[in-house]
Amino acid sequence: MTNTIAEVKKPILSLKDLSIAYDKKYAVKNVSVEIKKNTVTAIMGPSGCGKSTLLRALNRMHELYENISTEGEAFLNGKNIYDMSPIKLRRHMGMVFQRPNPFPTMSIYDNVIAGYKLNGIRTKKKERDEIVERSLRDVALWDEVKDSLFKKGTFLSGGQQQRLCIARALAFSPEVILMDEPTSALDPVATSKVEDLLVKLKENYTIVLVTHNMSQAARISDYSLFMYLGELVEYGKTKNMFTNPIDPRTEEYLTGKFG
Amino acid sequence: MKSTFAWKDHTSRRLLKDKAVLVGVVVLSLITISPIVLIISKLVVEGYQQISLDFLIENTPDTFEAMTAVANGENIPGGIANGIVGTLLMVVLASAIAIPIGVLTGIYLYENQGKFMANLTRNISDILQGVPSIVLGLISYLWVVKHITNGFSALAGSVSLAIMMLPMIVRSTEETLKMIPQTLKEAALALGVPYHKVILKVLVPTGFSGLSTGILLGISRILGETAPLLLTALGSSIINLDITQPTSAVPLLIWEFYNDPNMIGLIWSSSLLLMAIVLILNIVSKQIAGKRN
Amino acid sequence: MNSDKITKTVLFSVSILILMLAAGMLYSLVGGAIPAFKEFGLKFIFSGEWNPTEGEEKYGALPFIVGTLMTSFGALILCLPLSFSTSLFLGEYFRGTRVARILGLLVDLLAGIPSIVYGLWGFYVLRPALIEIGFGGRGFGIFTAALILAVMIIPYATSLSNEIISMVPNDLKEAAYSLGATRLEVITSVTIPNARSGIVAGYILAFGRALGETMAVTMLIGNTNQIPTSFFGTGNTMASVIANQFGEADGLKLSSLIAIGLLLFLITGIINAAGKLIIKKMN
């Protein structure tokens with residue numbers, strides 16, 4: 001499929017008045033935004049602004065915790081995600097966490113295929129091998145680990161572990177990949193490898209990336225959301241936001257007045 | 001768009017299984033705690049009538065008195081004062097033996113982290129904690145009954161209880177001291193305070209609540225011990241304060257009542273009293289521990 | 001300087017005392033057991049005969065070793081579903097909630113009940129209930145003892161596994177959830193594999209507890225000195241035979257009981273050391 005301009009602009013995720021509260025205290029207030037397909041969209045803002053909270057609402061992670069409540073709506077390809085079973089939703093929405101968290105009791109191979117195993121999906125061995133190879137190639141890890149697929153993933157470096165976790169999320173061919181500061185625990189070299197990877201991955205996936213690192217957002221994102229105190233302050237093309245922010249708060253943040 | 005979800009999916013079955021296991025876990029957990037409720041209610045229901053002042057201050061009746069009372073439909077006269085006093089005597093004596101040794105050993109372990117001797121002592125102490133109490137009774141029999149008091153005695157009972165308490169105190173002392181910030185100790189040492197004063201004036205007071213939790217839990221464990229006392233203290237129908245003589249204890253009396261058909265009326269009240277003390281000690285020590293955190 | 005040295009010496013000698021205590025215990029038990037081993041040799045361990053009749057005295061520990069293993073394994077199996085569910089309740093499903101705190105407190109209280117009180121409850125409540133549902137032998141036996149033992153070791157089995165289960169990193173569990181796993185699937189494929197060695201260690205230590213429990217077992221096992229033939233038959237454990245027969249024992253019989261105590265000491269020592277070793281390896 002060729003990406004025409006029109007297709008790139010098509011929204012895959014749209015949030016309508018999404019609010020999230022911890023113990024009745026709002027951490028995210030009335031966020032409405034449309035996230036476009038095959039883009040990298042960065043969520044920026046000072047710590048505590050609700051950016052991770054917003055991200056984790058998108059695969060309904062908050063429902064694991066009783067003290068968190070969500071209001072509003074969110075649509076994935078026009079379907080309300082709150083009408084779906086969270087289990088099915090999460091397969092469409094891969095997630096990558098702050099710290100690399102490969103399953104320490106599983107081999108590299110089993111980590112990549114974990115989504116299938118966890119969901120009780122039966123696959124033939126050949127199919128599995130293909131999925132593992134494709135996913136590891138997608139994250140440029142195949143050549144590094146192909147001889148140690150059946151070793152535990154914990155001996156890998158931090159950057160390799162994080163790419164393994166991305167491969168684990170990719171194995172299901174999700175539509176959206178949610179990334180919660182995926183490079184914050186990595187060194188600069190590993191960070192730039194992951195960043196290159198994200199730019200490549202947007203050809204096939206839509207990436208929503210929480211980052212506290214402005215230059216990272218500037219380097220790799222197409223669109224940016226700037227959040228402050230739980231509110232969505234500004235949303236637009238990253239280029240425009242960095243060169244010509246509309247809201248004074250965005251400008252203050254980008255020029256390093258707070259954050 | 002390519003459909004990536006063409007695989008056979010059992011979501012509803014998986015969710016059902018998920019729910020079923022949750023229900024199973026809750027039900028089995030409730031079954032797990034049911035004995036404590038059943039046991040305590042049984043003790044209260046069967047035992048409360050016997051509890052009175054007399055029960056606390058009089059000695060155990062002989063079997064004939066008890067039989068007459070039962071035959072006349074009265075409460076069994078007398079009480080378990082000999083057991084209460086004996087338990088107190090032996091617990092105090094055991095504490096007097098175990099607390100200093102245990103606390104000092106705990107301090108030694110804390111001060112010598114990672115050294116061979118400390119590791120050895122810690123491992124041995126841990127293994128001692130798992131030695132069955134009946135074996136400790138045998139040991140105290142071999143040491144004290146046969147060689148020191150030349151007969152069953154309170155001292156022999158106390159020694160077996162002290163060995164039982166010791167590892168618990170060692171462990172809780174070390175764990176407590178580990179929580180105290182290193183800087184506190186260094187500050188005192190930097191002022192030129194001698195080492196033993198640092199221990200007595202800084203470490204022990206700072207860790208006091210932790211130490212007392214460990215000690216109270218240790219006491220609550222030995223209070224209900226019966227098996228080692230059968231082999232060492234033996235029992236006595238009167239109050240005995242001579243540590244070289246056979247002595248009774250509340251759990252020993254329960255065992256005697258259990259074995260004497262005429263005395264059965266007394267087992268529940270004695271058990272109720274014992275349980276109440278053990279539980280109160282348990283709760284108090286948990287409260288102290290809870291406050292600390 | 002001098003007082004510091006004294007302090008260090010005192011601390012050192014006190015901990016030496018612990019080592020001497022352990023060595024002394026072993027020494028005295030071995031010393032007390034020698035007459036029995038001299039008389040019967042290794043057959044003491046493998047003989048199933050226990051005959052205290054004067055002149056024909058013959059003592060073998062096998063019935064009690066078998067009885068101990070049967071009651072303890074039985075208790076372990078009976079306690080497993082209960083304590084494992086409780087660990088999941090406390091460490092996973094309801095972690096940090098008020099309900100879990102109360103349940104945890106009640107489980108801890110189970111550890112506070114004296115053995116003899118368990119025995120009484122077993123004798124007056126559990127045993128009649130078992131007779132009611134058709135148990136023979138007046139409700140005494142290995143199974144009854146194992147049942148009460150199972151309740152007694154629950155707190156030991158639960159506390160360690162609950163702690164380890166609640167320590168499984170949350171981000172691992174979230175990773176599994178983010179792949180679409182149900183809670184049960186997270187538990188079986190992430191929580192349990194990551195907590196496995198701690199859970200195993202907890203059950204080993206609980207088993208060690210069961211081996212040496214005395215009073216409650218003595219009151220329920222039926223106190224017969226033959227090798228038990230079934231889980232529902234009567235028997236004696238190593239601990240219960242000591243408690244039961246110590247009163248009237250002297251000479252060879254006393255030595256035999258001490259020898260049983262020695263065996264019990266060694267077995268529980270090994271089991272506990274194994275449990276502790278696993279815990280140490282984990283850290």
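Q: In what order do the four strands of the open sheet in chain A lie, and what is the pairing?
A: This is a predicted model, and in it the four strands of chain A lie in the order 2-1-4-5. Their pairing is antiparallel.

Q: Which strands stand at the edges of that sheet?
A: Look for strands with a single partner. Here they are strand 2 (25-36) and strand 5 (79-80) of chain A, so each has one side without a neighbour in the sheet.

Q: How many bridges pair strand 4 of chain A with strand 5 of chain A?
A: Two bridges, in the antiparallel sense, link strand 4 (residues 68-76) of chain A to strand 5 of chain A. As an example of a bridge pair, Leu76(A) has Lys79(A) in strand 5 of chain A as its partner.

Q: Where is Asp23(A) found, and is Asp23(A) buried or exposed?
A: Asp23(A) sits in the loop that links strand 1 (11-22) and strand 2 of chain A. Asp23(A) has 9 C-beta neighbours inside 10 Å, so it counts as exposed. Its phi is near 50 degrees, a positive value in a residue other than glycine.

Q: What is the phi of Lys24(A)?
A: Lys24(A) is not a glycine, yet its phi is positive, about 75 degrees. Lys24(A) also belongs to the loop between strand 1 and strand 2 of chain A. With 7 other C-beta atoms within 10 Å, Lys24(A) is exposed.

Q: How many bridges join strand 6 of chain A to strand 7 of chain A?
A: Four bridges do, and strand 6 runs parallel to strand 7 (residues 176-180) of chain A. Met95(A), for instance, has Leu178(A) in strand 7 of chain A as its bridge partner.

Q: How are two packed helices described?
A: By the angle between their axes and the distance between the axes. In chain B, the axes of helix 4 (residues 81-111) and helix 12 (residues 250-259) come within 7 Å and cross at roughly 140 degrees. Helix 4 and helix 12 of chain B are therefore oblique to each other. Gly83(B), Ile84(B) and Thr87(B) of helix 4 meet Val250(B), Leu252(B) and Leu253(B) of helix 12. By class, the contact has four nonpolar, two polar and no charged residues.

Q: How many residues of chain C are in contact with chain B?
A: An interface can be read by counting residues on each side. Here 62 residues of chain C are in contact with 65 residues of chain B. Helix 1 of chain C gives the most to the chain C side, with 17 residues. That side divides into 41 nonpolar, 18 polar and three charged residues.

How values were computed: Residues are numbered from 1 along each chain as its sequence is written. Chains are lettered from A and ligands numbered from 1 in the order in which they are written. This is a predicted model: local features need pLDDT of at least 70, side-chain atom pairs count only at pLDDT 80 or more; totals for chains, interfaces and linings use all residues. Two strands pair if DSSP finds at least two bridges between them. Two residues are in contact if their C-beta atoms, placed from the backbone, lie within 7 Å. Ala, Val, Leu, Ile, Met, Phe, Trp, Tyr, Cys and Pro count as nonpolar, Asp, Glu, Lys and Arg as charged, and the others, Gly among them, as polar. Axes are lines fitted to C-alpha atoms, for helices over the stretch in contact, and angles run from 0 to 180 degrees between N-to-C directions. Angles under 35 degrees count as roughly parallel, over 145 as roughly antiparallel, 65 to 115 as roughly perpendicular and the rest as oblique. A residue is buried if 20 or more other C-beta atoms lie within 10 Å of its own, exposed if 12 or fewer, and partly exposed in between; C-beta atoms are placed from the backbone.
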